[in-house]
Each structure stands twice: as C-alpha cells, then as structure tokens.
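Please read the following report alongside the sequence and the coordinates.

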Amino acid sequence: MTSLPADVSSAVAAAYDARAATYDESAMHRDLAAEVAAFCSLDAPRDVLDVATGTGLVLRALAASRPRPRGMTGVDLSPDMLAVARRELPGAAFVRADAAALPVADRSVDLVTCVTALQLMPRRDLVLAEWARVLRPTGRAVTATFTGFGRPARPRRDHPVEHDAVSTPARIAALAAPAGLRLRRHAAWRHADGDAFLLAELEVVSPEVAR
Ligand SMILES: C[S@@+](CC[C@H](N)C(=O)[O-])C[C@H]1O[C@@H](n2cnc3c(N)ncnc32)[C@H](O)[C@@H]1O
C-alpha cells in the first residue's frame with residue numbers, strides 16, 4: 001500500500017495537533033457530525049470506520065444514535081486530535097494511520113464515514129480504493145465536504161487544501177467510480193454560520209472491481 005509523502009503527512013498532523021485542544025469548540029463541526037449521523041442510512045451499522053476522525057465527533061454522534069454501532073474505529077494522522085477522541089469516546093478504537101493505507105481488514109466494515117477531510121488528501125484515488133477494499137458488499141461510505149460557495153479553497157504552503165475537487169455530486173461520483181463505488185444519494189446542508197456542505201452516500205458497485 002502507498003501512503004502520503006512524509007512532508008505532507010507531517011504538515012497535516014502538525015496543523016491539526018495545533019487545533020486539537022480547541023477543535024470541539026466549533027459548533028459547525030459538532031452540528032455537522034450530528035447531521036452526518038442522521039444522514040447515514042444503514043438500519044444497523046455494525047462496524048463503522050471513521051476516516052480522518054479528528055477528535056471523533058462523527059463517531060460520538062453515531063454512538064449517540066440508535067441503533068448504536070457494534071464496533072467503532074477512527075483513524076487520523078494527528079496524535080493530538082486522536083488523544084481527544086480517545087478521552088471522549090473510550091469505547092472506540094483510535095489508530096494513527098494515513099487514510100490511503102488503512103490498517104483495517106478487507107470486507108470488515110459496514111459504514112465508512114469521512115467528514116471535511118477529503119480536501120486534505122492528495123491521493124483521493126488511493127483513499128477511495130481503501131474504502132472499497134474494507135467495505136462489506138452491502139456497505140456504504142458517507143462523505144461530507146465543503147461545497148465551496150460557503151468557503152473558497154485556501155492554498156497553503158505546507159499542504160494542499162482542495163475543496164473544489166470534492167465540492168459537487170459529479171466530482172464525488174467521478175472519484176468513486178474507479179474504486180468500484182457509486183454515488184447512491186446526496187443532500188445539501190447549510191450551517192447557521194453560513195458554511196455549506198455536500199453529504200454523499202456511496203455504495204459498492206462490484207466488489208470484484210475493487211480487488
Ligand atoms: C477538519 S478535520 C475533520 C475531523 C472530523 N472528521 C470531523 O468531522 O470533525 C480534518 C482531519 O483530517 C485528518 N487528515 C487529513 N489528511 C489525512 C490523511 N491522509 N489520513 C488520515 N487523516 C487525515 C486531519 O489530521 C484532521 O484531523
């Protein structure tokens with residue numbers, strides 16, 4: 001498996017380590033996590049993997065929903081974000097890993113979530129291929145991305161932030177297709193602070209395509 005170049009990985013981790021202590025103060029991120037949990041449609045998501053989990057807000061929202069997932073795992077590059085997640089949701093497993101090289105077995109997950117993070121991942125092709133690999137055939141992946149009209153792309157010196165690449169249903173569908181995933185439904189949601197989001201659910205087209 002291929003993972004991020006070390007400099008990009010380190011820059012992302014450092015940026016979010018610096019935000020970890022105050023990240024949960026963001027009403028937008030807390031409210032979006034609740035919206036994503038409500039959007040997830042599996043009747044009984046048994047095993048959930050939250051990719052780029054940060055402080056675990058999405059898993060915390062899913063843990064508060066019914067039915068409660070059986071197994072919850074979060075992966076992220078930032079040790080300090082993960083430390084908050086472990087403190088806030090001790091029943092879940094939190095692992096430091098790159099989304100492009102998940103330490104998760106094939107076909108072991110019913111629901112993958114990835115919220116406000118795809119724009120930070122330069123190898124989205126590898127990331128989505130990993131979702132296809134770890135999902136069970138009936139599994140789903142749910143993403144939430146900035147639509148861009150609420151928040152323009154912010155170029156950074158140390159790592160790219162590419163909101164435009166994941167800001168429309170057509171772009172999400174085009175990213176998903178080579179991995180053997182298909183856009184099943186999507187919705188728009190706008191937070192009271194003005195930020196606008198695209199929520200998208202992907203399904204496995206053919207497990208063989210992703211092998
Ligand atoms: C804006 S935060 C979102 C956190 C969480 N999903 C939420 O909704 O609150 C973006 C997170 O993506 C993580 N991240 C970015 N690139 C990553 C990668 N390649 N692999 C794993 N985590 C990554 C960052 O460390 C950060 O915690």
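T116 lies in the loop that links β4 to α5 (124-134). The model is a predicted one. Although T116 is not a glycine, its phi is positive, at about 45 degrees. Is T116 buried or exposed? T116 is buried, because 24 other C-beta atoms lie within 10 Å and the cut-off for a buried residue is 20 or more.

R107 also has a positive phi, near 50 degrees, and is likewise a residue other than glycine. Its position is in the loop between β3 (93-96) and β4 (109-115). R107 has 15 other C-beta atoms within 10 Å and is therefore partly exposed. Such values stand out because most residues other than glycine have a negative phi, and most peptide bonds are trans. A cis peptide bond runs from R66 to P67, with omega near -5 degrees. P67 belongs to the loop between α3 and β2.

## Overall fold

How many helices and strands does the chain contain? The chain has six helices and seven strands. Starting at the N terminus, the order of elements is α-α-β-α-β-α-β-β-α-β-α-β-β. The chain is as compact as a globular protein of its length, because its radius of gyration of 16 Å is close to the 17 Å that the globule rule gives for 211 residues.

The C-alpha trace spans about 40 × 35 × 35 Å along its principal axes. Of the 211 residues in the chain, 44% are buried. When contacts between residues at least 6 apart in sequence are considered, 70% of them join residues at least 24 apart.

The largest nonpolar core has 62 residues, of which V36, V58, V112, L128, W131 and L181 touch the most other members. Apart from its neighbours within four places in sequence, L181 is in contact with L128, W131, A132, A141, A176, L202, E203, V204 and V205.

Is R133 buried or exposed? R133 counts as buried because it has 20 C-beta neighbours inside 10 Å, and 20 is enough to meet the cut-off.

## Surroundings of the ligand

Which residues are the closest to the ligand? They are A52, G54, A99, V115 and A117, from a total of 23 residues that surround the ligand. By class, this shell consists of 16 nonpolar, five polar and two charged residues.

Several elements contribute to the shell. At least two residues each come from α1 (6-19), α2 (27-39), α3 (57-63) and β2 (71-76).

Definitions and conventions:
Residues are numbered from 1 along each chain as its sequence is written. This is a predicted model: local features need pLDDT of at least 70, side-chain atom pairs count only at pLDDT 80 or more; totals for chains, interfaces and linings use all residues. A residue is near a molecule or strand if its C-beta atom, placed from the backbone, lies within 6 Å of it. Helices (H or I, at least four residues) and strands (E, at least two) are DSSP runs, numbered from the N terminus. Ala, Val, Leu, Ile, Met, Phe, Trp, Tyr, Cys and Pro count as nonpolar, Asp, Glu, Lys and Arg as charged, and the others, Gly among them, as polar. The radius of gyration is taken over C-alpha atoms; the globule rule is 2.2 Å times the number of residues to the power 0.38. A residue is buried if 20 or more other C-beta atoms lie within 10 Å of its own, exposed if 12 or fewer, and partly exposed in between; C-beta atoms are placed from the backbone. Two residues are in contact if their C-beta atoms, placed from the backbone, lie within 7 Å. A nonpolar core is a set of buried Ala, Val, Leu, Ile, Met, Phe, Trp, Tyr and Cys residues joined through C-beta atoms within 7 Å.
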